[in-house]
Amino acid sequence: MDFSFTEEQSMLRDTVASYLADNYSFDQRRAALKAEPGWRPQVWKAFADELGILGAAFSEEQGGLGGGSTDNMVIMEELGKALVVEPYLPTVVIGGGFLKHGKPAGADELIGKIIAGEAIIAFAYAEPQGRYTVTDLKTTAKKDGGGYVLNGHKAVVIGAPYATHLIVTARTGGGQREAQGVSVFIVPKGAKGVTTRDYPTVDGFRASEVYFENVAVGAEAMIGPEGQALPLVEKVMDEALAATCAEACGVLRQLHEGTVEYARQRKQFGQPISSFQVLQHRMVDMFIQLEQSISMTYMADIKLADSDVERAKGVSAAKVQIGKACKFVGQNAIQIHGGMGMTDEMAIGHYFKRATMIEAAFGSTDHHLARYETLSLGKAA
Amino acid sequence: MNLDFSPEDNAFREEARAFLADKYPKALRDKQERGETLGKEDYLSWHRILAEKGWSAPSWPKEWGGTDWTPTQKYIWSEEQARADTLGILPFGVAMLAPVIYTFGTEEQKAKFLPDIRDGKIWWCQGYSEPGAGSDLASLKTRAERVTEDGQDYYIVNGQKTWTTLGQHADWGFFLVRTDPDSKPQAGISFLLIDMKTPGVTVRPIITLEGGHEVNDVFLDNVKVPVENRVFHENQGWTCAKALLAHERSGIAGVARSKRGLERVREMASTELSDAGGSLLADAFFRRKVAELEIDLRALEFTELRTLAGESSGKGPGTESSILKIKGTEIQQRLQELALEAAGHYGAPFLGEGGHNSGVGPLHSIDTAGDYFNGRKTSIYGGSNEIQRNIIAKMVLGL
């Protein structure tokens with residue numbers, strides 16, 4: 001048994017942390033989010049060139065550093081600590097995941113572009129009616145000659161405004177909620193017939209409603225087997241969930257530490273509020289939630305390599321813990337900060353907002369509890 | 001023991017319902033539904049319609065415009081307003097300041113201020129909290145020194161107030177200031193009415209985490225206030241402050257509004273689809289949470305009714321109001337959580353200034369995250385829920 005990180009992983013963590021400390025202060029982030037385009041391409045360029053982290057989770061043959069999901073976890077936790085909006089998750093974890101596991105034609109070339117910071121990917125899977133059920137697809141891909149024609153509407157596609165490519169789930173067959181008939185395509189965002197309505201999200205990202213109107217793609221745009229891509233989608237989404245749990249650990253750490261620090265210096269009734277036992281116990285409970293979340297994130301990372309069922313159980317269990325922790329730690333961080341926690345000026349509220357959005361990311365707490373229940377206990381009578 | 005409404009009560013309900021259906025401005029309702037930021041005129045226009053009907057200050061003494069309603073009628077009125085989704089009348093003048101003036105003020109003060117408050121002519125704001133004095137309100141530092149100029153007595157006021165809700169619209173404000181720095185914290189405080197146009201008053205916006213501008217800092221720099229604008233005796237403003245805080249808390253249960261909020265969540269969840277493909281309201285996990293919340297709300301409602309019954313036999317809102325504040329705000333916050341949960345992916349879009357992004361996703365999902373974030377304030381303001389528990393521990397349990 002070994003929960004330690006390799007020397008390379010520790011160095012990776014230090015590299016990311018020290019870059020973000022110098023270049024990603026709360027004020028720098030805030031200024032960038034308020035301006036257009038709402039993110040900093042130069043930060044992305046630094047990730048690619050200066051830090052070289054975009055290749056950390058790719059194999060050496062693909063031009064990467066030979067790491068894997070644990071490297072993603074290390075990076076995501078650091079990104080969470082600084083509330084980074086630049087699209088590591090959709091590009092490297094999700095985009096990279098589809099390319100690694102689906103191995104479409106041209107995958108290595110595109111991975112090369114990801115590592116170089118030239119290709120940015122957004123994952124268009126959700127639909128207005130579908131909630132968190134990935135098979136609930138109205139978007140269709142009809143065979144047309146040698147290729148496909150896509151039609152449909154994808155909801156709240158995080159990072160789409162700054163993406164070069166979209167990875168899209170669409171139905172090549174089967175009924176609206178059937179497992180059969182799910183296919184995955186990679187589509188250049190500039191393809192004819194792709195339109196977007198862009199907007200900011202409450203936690204500082206940019207997202208789009210993405211509309212496909214008779215978008216023609218070649219056969220090489222398909223990732224994974226036609227109509228049989230659901231296991232691939234679930235695998236990649238579980239990796240995305242594990243990475244999101246790691247990001248959440250970074251967010252939760254900041255919420256907890258920020259609150260303890262604030263409680264030490266804020267005085268009411270002639271003493272620091274940290275001296276009140278009712279608040280001490282609250283902060284201890286926050287700390288316990290944080291520790292449990294870290295444990296479950298490590299567990300999920302280990303389970304990613306297991307069988308499909310064990311992987312799914314592990315990841316959903318972790319997401320349930322993370323969802324509960326995000327709510328408890330986030331709400332109490334604001335409560336203990338009092339009025340100051342309600343201001344846009346203080347970082348704590350921004351961590352709370354991100355934590356709240358993580359609760360629902362890739363499925364709410366209830367969604368993952370139900371998924372775990374079914375996998376562990378079977379279908380309810 | 002019964003919950004029956006008398007024929008008079010039923011007739012009153014009919015009258016209230018018809019009045020709201022007839023008179024509530026449609027333009028205002030549309031703005032509310034689109035999640036647009038409401039301006040000063042939006043609030044005041046509705047206030048004036050109520051004033052014309054004679055219903056803008058139901059709880060006041062009859063001579064100043066009160067309606068002399070029974071507690072049951074007040075309860076019906078709050079239910080009907082919630083049912084019609086009307087804007088609440090702003091509490092600062094009608095519910096907070098006016099009771100202080102008609103209880104502690106001089107005849108001149110009553111005549112000068114009460115009619116304008118009732119008729120919605122003056123917008124009031126509250127100057128209580130300070131950067132270092134939130135839950136510990138009595139530690140406030142804003143200083144008022146008495147001076148005489150040309151035979152007139154004034155206070156010169158210096159300090160900073162914060163969390164002043166909608167102070168950007170205010171014509172006047174009521175302020176707690178320290179007139180005796182040497183006495184015990186509660187003993188040296190006075191209650192002043194300050195014209196916000198007085199030189200030296202500066203209002204600066206505080207943007208809250210959901211992106212809205214609702215609260216403000218108010219800076220007071222050598223602000224000259226005539227002594228006749230002090231309510232009650234010098235150094236005894238804490239008496240007024242306490243009375244006001246009790247009134248602030250008594251409305252805070254928000255039972256009628258939460259009932260309406262629950263209806264909205266049910267409506268929302270009946271059209272949203274669950275992961276199983278049915279309606280979200282049919283989803284075992286979600287419906288359980290709705291049911292639990294309904295039960296908690298029912299408990300709160302009956303606790304409030306018992307409090308009201310106590311009030312009707314002549315007691316003021318007492319420490320029961322701390323229970324109402326704690327449970328009322330917890331329920332409001334859980335409702336906001338459920339609405340955000342029901343919105344699913346469409347909880348994420350940021351509404352933006354002036355409702356810029358409305359139209360992304362279904363109407364009922366708009367700004368559910370903003371409401372949830374903003375709603376965290378309710379367990380902080382008006383004496384945080386921790387302070388309310390201290391009050392119960394001390395005053396009720398004698399610990």
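Author: The radius of gyration is taken over C-alpha atoms, and the globule rule sets it at 2.2 Å times the number of residues to the power 0.38. The model discussed here is predicted.

Reader: What makes the radius of gyration of chain A agree with that of a compact globule?

Author: For 381 residues, a compact globule would have a radius of gyration near 21 Å; chain A has 21 Å, and therefore the two agree. Along the principal axes, the C-alpha trace of chain A spans about 80 × 55 × 45 Å. Chain A contains 11 helices and 10 strands.

Reader: What is the secondary structure of chain B, and why is chain B called as compact as a globular protein of its length?

Author: Chain B has 12 helices and eight strands. The C-alpha atoms of chain B fill a box of roughly 75 × 50 × 50 Å along the principal axes.

Reader: What makes A:A229 count as buried?

Author: The cut-off is 20 or more other C-beta atoms within 10 Å. A:A229 has 24 C-beta neighbours inside 10 Å, and therefore counts as buried. This residue lies in the loop between strand 8 (222-223) and helix 7 of chain A. Leaving out residues up to four places away in sequence, A:A229 touches A:V182, A:S183, A:V184 and A:G224. The C-alpha atoms of A:A229 and A:G181 are separated by 7.9 Å, although these residues are 48 apart along the chain.

Reader: How many of the residues of each chain count as buried?

Author: In chain A, 53% of the 381 residues count as buried. In chain B, 41% of the 399 residues do.

Reader: Which residues of the largest nonpolar core touch the most other members?

Author: This core has 153 residues, and those touching the most other members are A:A124, A:I167, A:F185, A:A242, A:C245, A:L252 and A:A355. Helix 7 (residues 230-265) of chain A supplies the largest share, 16 residues. Beyond its neighbours within four places in sequence, A:A242 is in contact with A:S69, A:M73, A:A300, A:D301, A:L304, A:V315 and A:A318. There is also a second, separate core of 50 residues, including B:M96, B:L137, B:A170 and B:W238. In soluble globular proteins, nonpolar side chains tend to be buried together.

Reader: How do you know that strand 2 of chain A pairs with strand 3 of chain A?

Author: Two strands pair if DSSP finds at least two bridges between them. A:D144 has A:G147 in strand 3 of chain A as its bridge partner. The hairpin of these strands has two residues between them, and A:G145 takes a positive phi near 60° there.

Reader: Which strands of chain B pair with strand 3 of chain B?

Author: Strand 2 (residues 143-149) pairs with strand 3 (residues 152-161) of chain B in the antiparallel sense over seven bridges. Within this pairing, B:E145 stands opposite B:I156. In the hairpin of strand 2 and strand 3 of chain B, with two residues between the strands, B:D150 takes a positive phi near 50°. Strand 3 of chain B is also joined to strand 7 (residues 213-226), antiparallel, by seven bridges. There the bridge partner of B:Q160 is B:F219 in strand 7 of chain B.

Reader: How many residues of chain A are in contact with chain B, and what makes a pair of residues count as in contact?

Author: Two residues are in contact if their C-beta atoms lie within 7 Å. By this criterion, 35 residues of chain A are in contact with 35 residues of chain B. Among the elements of chain A that each supply at least two residues are strand 3, strand 6 (194-200), helix 9 (308-337) and helix 10 (347-360). Helix 10 of chain A gives the largest share of this side, five residues. The residues of chain A that touch chain B divide into 15 nonpolar, 13 polar and seven charged.

Reader: What confidence does the predictor give to the complex and to chain B?

Author: The complex has an ipTM of 0.96 and a pTM of 0.95. Chain B has a mean pLDDT of 91, and 94% of its residues reach 70 or more.

How values were computed:
Residues numbered from 1 in each chain as written. Chains lettered and ligands numbered in written order. Helix = DSSP H or I, 4+ residues; strand = E, 2+ residues; numbered from the N terminus. Buried ≥ 20, exposed ≤ 12 C-beta atoms within 10 Å, placed from the backbone. Core = buried A, V, L, I, M, F, W, Y, C linked by C-beta atoms within 7 Å. Nonpolar A, V, L, I, M, F, W, Y, C, P; charged D, E, K, R; others polar. pLDDT = per-residue confidence, 0-100.
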